[in-house]
Every structure is written in C-alpha cells, then in structure tokens.
Amino acid sequence: MSAEDSNPAATPTLREDIEGDARWMSLHNRFVSDSKDKEPDVLFVGDSLIQHLHQFGIWRQLFSPLHALNFGVGGDATQHVLWRLSNGELDNISPKVVVLWVGTFNYAHTPEQICGGIMAIVQVIKNKLPNSRTVVLGLLPRGKSPNLRRERNAAVNQLVQEAVTSLPHASFLNVDPGFVHSNGSISHQDMYDYLHLTPQGFQAVCDPLHAHLKTMLEKPAEN
C-alpha cells in the first residue's frame, strides 16, 4: 500500500454532490474551459478563501493586473483539489506562479495527513507545470476563541513549512497578519464568521501576498 493510498487527504477524490445540483463538477468543467482560453501568470487554487477573494475589489485592485486566474471552490479539502488538478485544470496553462491555499476544511484528517495532501498537490503542480513555482499559503487561525481547529491548522503550517524547505520550486508563506488578539479572540471585523475574511481581513492578507508575488514574477524561475 502506497502512502497515498493510506492517506485519504492525499488521495484524489471527487466531491460528493450532497446538494444535488452538480455545482462542484460544473465549476471544475468551467475551470478546465477557462484554462483553454486564458494565459495566466498567476493561478490561485484552493477552497472558499480563494474563491471569495475573486468577489472582492481587492482582486481587481491587486491580482487582476498580475494576470491572475482563480480556481477556488468553497468547501474543498486537499483531496478534492488534488482530483481537480489531476483532471484537466492544469493541462492548458503555464502560469509562472501557483498560489495554493487549502487544508482548513480537512475536518476528518490529522495535521500529518493534511500536510501529506498539500505536498501531494505541490507534486502534481510540479509534474504538470515543471516551470512554475508554487507558494503554499499558511492556514489561518479560526473560531472566535482558542479551539482544536486552530491548533490543528498551526500544526499543519509547521509541517508544511518544514516539508517545502528543500524544494526549489515551492515555498511557504505565512499570511496571518496577527488575527488572534492578545486575549485569544478573533474579531468579526477581520473574519465575519470567524473563518472567512471580511474586506478588511483580505486587505491585511493580500497586501503582503501581492508584494511577494510581484517579487517572484520579477525573478527568473529556478529549475
């Protein structure tokens, strides 16, 4: 049994259509179609934190000028992103940078499994886009007060940061500007539901991310 087989977070998996409207597959098919028509320099991939970014003015302000494309799907876990990227979404594009933000919805998995899922995605990106570089964004804290999900996300970040250290084609970026206050709370002004970002929260995350991407785009790729 391979490591992938024993780790559900690193096994490409179709999202179950629990809503009954086939939206997930429809989005996937749209992304595959978009990849045939567009030539992005930056590709954003992940869950609702990526998907929602596209709906805010900050996307047009900071990322559209970088020729960015958004392949975010709300609720996706690592295994779902892995399936999407293994089934056509990367086949017709060659971005210089891929921004990956996923893992906070892997509710049933351990930090080690989630890290394995993220690294499996990084490997698929490397295999399909050998000249691209991947930036793995750190998972944000979540919940109004300290909780086990925060601890798990922090553990994932530590594991992923260690895992990408030796990879010339991938890097880890902590985009948490300090959402947790000194009393352990997170403000609804930064995360309206203590998970998803407000415009203010996105601004705090995206300003440094934008600066980082601009630096990467100006630098020649390493093989």
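This is a predicted model: local features need pLDDT of at least 70, side-chain atom pairs count only at pLDDT 80 or more; totals for chains, interfaces and linings use all residues.

Trainee: Which elements do the buried residues of H6 pack against?

Mentor: The buried residues of H6 include Pro111, Ile114, Cys115, Gly117 and Ile118. Met119, Ala120, Ile121, Val122, Val124 and Ile125 in H6 are buried as well. Their packing partners are helix H5 (78-86), strand E3 (97-101), strand E4 (133-137), helix H7 (148-164) and strand E5 (170-173).

Trainee: Are H5 and H6 roughly parallel or oblique to each other?

Mentor: Two packed helices are described by the angle between their axes and the distance between the axes. For H5 and H6 the axes are 9 Å apart and the angle is about 10 degrees. Angles under 35 degrees count as roughly parallel. H5 and H6 are therefore roughly parallel.

Trainee: Is Thr78 buried or exposed?

Mentor: Thr78 is found in helix H5. Leaving aside neighbours within four places in sequence, Thr78 is in contact with Ala9, Val102, Gly103, Asn106, Ile114, Gly117, Ile118 and Ile121. The relative accessible area of Thr78 is 0%, and residues under 20% count as buried. Thr78 is therefore buried.

Trainee: What is the relative accessibility of Ile125, and which residues are in contact with Ile125?

Mentor: Ile125 has its place in helix H6. Apart from neighbours within four places in sequence, Ile125 is in contact with Leu85, Leu90, Val98, Pro130 and Thr134. Ile125 counts as buried because its relative accessibility is 0%.

Trainee: How is H6 placed relative to H7, roughly parallel or oblique?

Mentor: The axes of H6 and H7 come within 9 Å and cross at roughly 45 degrees. That angle makes H6 oblique to H7.

Trainee: Which residues of H7 meet residues of H6, and what is the handedness of the crossing?

Mentor: From H6, the residues concerned are Pro111, Glu112, Ile114, Cys115, Ile118 and Met119. From H7, they meet Arg152, Ala155, Val156, Leu159, Val160, Ala163 and Val164. H6 passes H7 in a crossing that is right-handed.

Trainee: Which residues does Arg149 touch, and is Arg149 buried or partly exposed?

Mentor: Arg149 is found in helix H7. Not counting residues up to four places away in sequence, Arg149 touches Tyr107 and Arg142. With a relative accessible area of 32%, Arg149 is partly exposed.

Trainee: How do H2 and H5 pack, roughly parallel or oblique?

Mentor: The axes of H2 and H5 come within 10 Å and cross at roughly 40 degrees. The contact is made by Trp24, Met25, His28 and Phe31 of H2 with His80, Trp83 and Arg84 of H5. H2 passes H5 in a right-handed crossing. By their angle, H2 and H5 are therefore oblique.

Trainee: Where in the chain does Ala22 lie, and what is its phi?

Mentor: Ala22 lies in the loop between helix H1 (3-6) and helix H2 (23-37). Ala22 counts as partly exposed, at 35% relative accessibility. Its phi is positive in a residue other than glycine, with a value near 60 degrees.

Trainee: What is the phi of His67?

Mentor: His67 has its place in the loop between helix H4 (57-63) and strand E2 (68-72). The relative accessible area of His67 is 49%, so His67 is partly exposed. Although His67 is not a glycine, its phi is positive, at about 60 degrees.

Trainee: Which domain does UniProt list for residues 44-204?

Mentor: Over residues 44-204 the chain is 39% helix and 14% strand, with the end C-alpha atoms 18 Å apart. The UniProt entry is unreviewed, and the domain it lists there is "SGNH hydrolase-type esterase".

How values were computed: Residues are numbered from 1 along each chain as its sequence is written. Side-chain values use heavy atoms; hydrogens and water are left out. UniProt positions are given in the numbering used here, feature names are shortened, and annotations may be inferred rather than shown by experiment. Helices (H or I, at least four residues) and strands (E, at least two) are DSSP runs, numbered from the N terminus. Buried means under 20% relative accessible area, exposed over 50%, partly exposed in between (1.4 Å probe, protein chains only). Contact means heavy atoms within 4.5 Å. Axes are lines fitted to C-alpha atoms, for helices over the stretch in contact, and angles run from 0 to 180 degrees between N-to-C directions. Angles under 35 degrees count as roughly parallel, over 145 as roughly antiparallel, 65 to 115 as roughly perpendicular and the rest as oblique. A crossing is left-handed if the near helix is turned anticlockwise from the far one by less than a right angle, and right-handed if clockwise.
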